[in-house]
Amino acid sequence: MPRDPVCFILRHGQTEWSEQGKRTSFTDLSLTDKGAELVKHSKAALVGPDSMRDWSDLLTSRTHRSSYDC
């Protein structure tokens with residue numbers, strides 16, 4: 001029996017601007033160390049051995065921070 005479609009939205013990890021409450025928009029800022037660590041934890045939950053589910057597609061924006069470690 002097919003499963004219902006699921007869409008999971010995940011923001012990029014922390015940047016210096018997001019930490020300061022600024023909007024990054026299309027500015028391609030690097031992740032902070034904390035942001036990179038958050039990405040690692042998110043990746044493990046989404047695609048690691050204990051993944052929540054199997055994913056058929058991965059869509060990201062073209063910014064480096066959004067595709068970090070994909």
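Visitor: Is V47 buried or exposed?
Guide: In this predicted model, V47 sits in helix α2. Exposed means over 50% relative accessible area. V47 has 53% relative accessibility, so V47 counts as exposed.

Visitor: Where is D54, and is D54 buried or exposed?
Guide: D54 lies in the segment after α2. The cut-off for exposed is over 50%. The relative accessibility of D54 is 67%, and therefore D54 counts as exposed.

Visitor: What is the C-alpha to C-alpha distance between D54 and A36?
Guide: D54 is placed in the segment after α2. In sequence, 18 residues separate D54 and A36. In space, C-alpha to C-alpha, the distance is 23 Å.

Visitor: Is T32 buried or exposed?
Guide: T32 has its place in the loop between α1 (16-19) and α2 (33-47). Buried means under 20% relative accessible area. T32 is at 14%, so T32 counts as buried.

Visitor: Which residues does T32 contact, leaving aside neighbours within four places in sequence?
Guide: T32 is in the loop between α1 and α2. A polar atom of its side chain lies 3.0 Å from the backbone nitrogen of G35. With neighbours within four places left aside, the contacts of T32 are Q14, T15, E16 and E19.

Visitor: What is the distance of the polar contact between the side chains of Q14 and T32?
Guide: Q14 lies in the segment before α1, while T32 lies in the loop between α1 and α2. Q14 is buried because its relative accessible area is 16%, where buried means under 20%. Leaving aside neighbours within four places in sequence, Q14 is in contact with E19, L31, T32, K34 and G35. The polar contact between the side chains of Q14 and T32 is at 2.8 Å.

Visitor: What share of the residues in the protein chain is buried?
Guide: The protein chain has two helices and zero strands. Its C-alpha trace spans about 45 × 20 × 20 Å along the principal axes. Of the 70 residues in the chain, the buried share is 20%.

Visitor: How many residues in the lining of the largest pocket are nonpolar?
Guide: The largest pocket has a volume of about 970 Å³. Its lining comprises 31 residues, with F8, L10, L46, L58 and L59 nearest the centre. Of the lining residues, seven are polar, nine are charged and the nonpolar ones number 15.

Methods. Residues are numbered from 1 along each chain as its sequence is written. This is a predicted model: local features need pLDDT of at least 70, side-chain atom pairs count only at pLDDT 80 or more; totals for chains, interfaces and linings use all residues. Side-chain values use heavy atoms; hydrogens and water are left out. On a 1 Å grid over the protein atoms alone, a cavity is a set of points where a 1.4 Å probe fits but cannot get out, and a pocket is an open set with protein on both sides within 12 Å along at least five of seven lines; lining residues have an atom within 4 Å of a point. Grid points are joined across faces, edges and corners, and a volume is the space filled by probe spheres set on the points. Ala, Val, Leu, Ile, Met, Phe, Trp, Tyr, Cys and Pro count as nonpolar, Asp, Glu, Lys and Arg as charged, and the others, Gly among them, as polar. Helices (H or I, at least four residues) and strands (E, at least two) are DSSP runs, numbered from the N terminus. Buried means under 20% relative accessible area, exposed over 50%, partly exposed in between (1.4 Å probe, protein chains only). A polar contact is a pair of N or O atoms within 3.5 Å; within protein, one must be able to donate a hydrogen and the other to accept it, and residues adjacent in sequence count only if both atoms are side-chain atoms. Contact means heavy atoms within 4.5 Å.
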